[in-house]
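Subject: Handing over the structure

Hello,

The structure we spoke about is below.

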Amino acid sequence: MKKISFIIPVFRNEGTVALTYQKISVLFNESLASYDYEIIFIDDGSDDGSYNEILKLKYHDSHVVAIKLTRNFGQLSAILAGYNEAKGDAVINISADLQDPIDLVIEMIKRWEADSEVVVGYRSDREDSFSASFFSKLAYGIIRLSNPKVPEGGFDFVLIGRRALSLFLSIEGRHRFFQGDILWGGFATSFIPYVRKKRQVGKSGYNFWKRLKILIDWILDSSYLPIRFMSFLGVTIAFFGCVYAVTIIVSWFFGGTPFSGWAPLMIAVLLIGGLLMLMLGVIGEYVWRIYDEIRKKPNYVIDEIIR
């Protein structure tokens with residue numbers, strides 16, 4: 001029997017962990033009875049009763065694997081912890097908040113069996129708040145400038161086969177673009193749209209600043225867009241600077257000056273100074289990531305695993 005591993009990061013999901021487990025179990029007792037499976041819950045430093053809920057499921061079902069991280073390392077780190085422990089022929093990453101339609105797993109497995117090494121369930125629409133939807137569209141619009149393969153609504157709900165999983169795990173890095181790394185390998189990929197449901201229990205742990213950090217990580221990790229933008233901006237400013245210099249020389253030659261007073265000089269100094277500080281900030285982001293990679297700190301620390 002082929003085995004399917006479910007990777008479910010958990011952070012403050014008390015009340016939905018058991019419901020997620022039940023929905024998955026029903027599928028394998030009915031439509032997917034010909035497959036073996038395991039459900040790997042990774043508690044990412046939750047400060048509620050999420051891990052106790054996982055342990056209760058583990059004690060009643062041997063298909064459940066409980067992993068507890070020492071603290072909150074972030075969603076990507078929790079996913080990596082689950083991927084490294086998965087034993088399945090294919091792994092499915094799914095959220096624990098019931099916002100992803102678990103019934104879609106049936107179609108995902110069918111497409112995997114039909115030679116799609118990667119099956120992406122992407123968000124064609126979402127029932128979230130206006131601000132969350134707006135930020136999502138804006139963020140993925142920016143990301144798609146350098147990585148057009150990423151669906152417009154992005155994705156976290158994805159099935160990847162063992163070959164794609166091995167490649168994904170071979171990529172090292174602490175500030176990774178999860179979706180870009182999944183698609184980077186170029187394996188046969190299927191895309192299935194769905195509407196992301198509104199969260200019914202609890203509150204999302206992603207505030208504006210966390211979303212902004214993830215966006216910055218995505219942009220800096222997946223493209224040279226910021227560096228190229230700075231180069232383009234520098235060339236543009238240099239060009240207009242040369243034109244302005246020629247204008248001054250010509251004006252001086254004919255006995256006049258294009259402007260009088262200190263205002264134009266202050267505008268030029270402030271504008272160029274601000275752009276230089278911005279460019280140094282972007283370069284600093286790259287340097288900090290290089291330094292962080294050199295330290296070789298692990299992406300996560302496991303407190304315990306119960307199989």
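Predicted model: local features only at pLDDT ≥ 70, side-chain atom pairs only at ≥ 80, totals over all residues.

How many bridges join β1 to strand β4, and do the two run parallel or antiparallel? Four bridges join them, and the strands run parallel. β4 covers residues 90–93.

**Overview**

The chain has 307 residues, and 43% of them count as buried. It holds ten helices and eight strands. Its accessible surface comes to about 16900 Å². Carbon and sulfur atoms account for 63% of that surface. Take the contacts with a separation of 6 or more: 83% of them join residues 24 or more positions apart.

Start with β1, residues 3–10. Seven of its eight residues are buried, so β1 is largely enclosed by the rest of the structure. On β2, residues 36–43, the picture is one of cover too: seven of eight residues are buried.

β1 and β2 pair in the parallel sense, over eight bridges. Ile-4 stands opposite Tyr-37 of β2. Ile-8 stands opposite Phe-41, also in β2. Between the two strands the chain passes through helix α1, residues 17–29, and this β-α-β crossover is right-handed.

β2 also pairs with β3, residues 64–69. That pairing is parallel as well, over five bridges. Here Ile-42 faces Ile-67 of β3. The chain gets from β2 to β3 by way of α2, in a β-α-β crossover that is right-handed.

One general point for reading these strands: in a regular strand the side chains alternate between the two faces of the sheet.

**Cores**

The largest nonpolar core has 35 residues. Which of them touch the most other members? They are Ile-4, Phe-6, Ile-8, Phe-28, Phe-41, Val-105 and Ile-109. A second core of 30 residues is separate, and includes Ile-40, Phe-73, Leu-165 and Ile-182.

Phe-6 is worth a click. Neighbours within four places in sequence aside, its contacts include Ile-24, Phe-28 and Val-105. Glu-38, Ile-39 and Ile-40 are also among them.

**Lys-58**

Is Lys-58 buried or exposed? Its relative accessibility is 10%, and buried means under 20%, so Lys-58 counts as buried. Lys-58 sits in helix α2, residues 50–60.

What does Lys-58 touch, not counting residues up to four places away in sequence? Val-64, Ile-306 and Arg-307. With Val-64 there is a polar detail: a polar atom of the Lys-58 side chain lies 3.0 Å from the backbone oxygen of Val-64. Ile-39 is 19 residues from Lys-58 in sequence, and the C-alpha to C-alpha distance between them is 9.5 Å.

That is the handover. Send any questions back to me.

Best wishes

Technical notes
Residues numbered from 1 in each chain as written. Heavy atoms only, no water. Buried < 20%, exposed > 50% of the residue type's maximum accessible area, 1.4 Å probe, protein only. Contact = heavy atoms within 4.5 Å. Polar contact = N/O pair within 3.5 Å; in protein donor to acceptor, adjacent residues only side chain to side chain. Core = buried A, V, L, I, M, F, W, Y, C linked by side-chain atoms within 4.5 Å. Pairing = 2+ DSSP bridges. Right-handed = clockwise from strand over helix to strand, strands pointing away. Areas by Shrake-Rupley, 256 points an atom, 1.4 Å probe, with all protein chains shown as cover.
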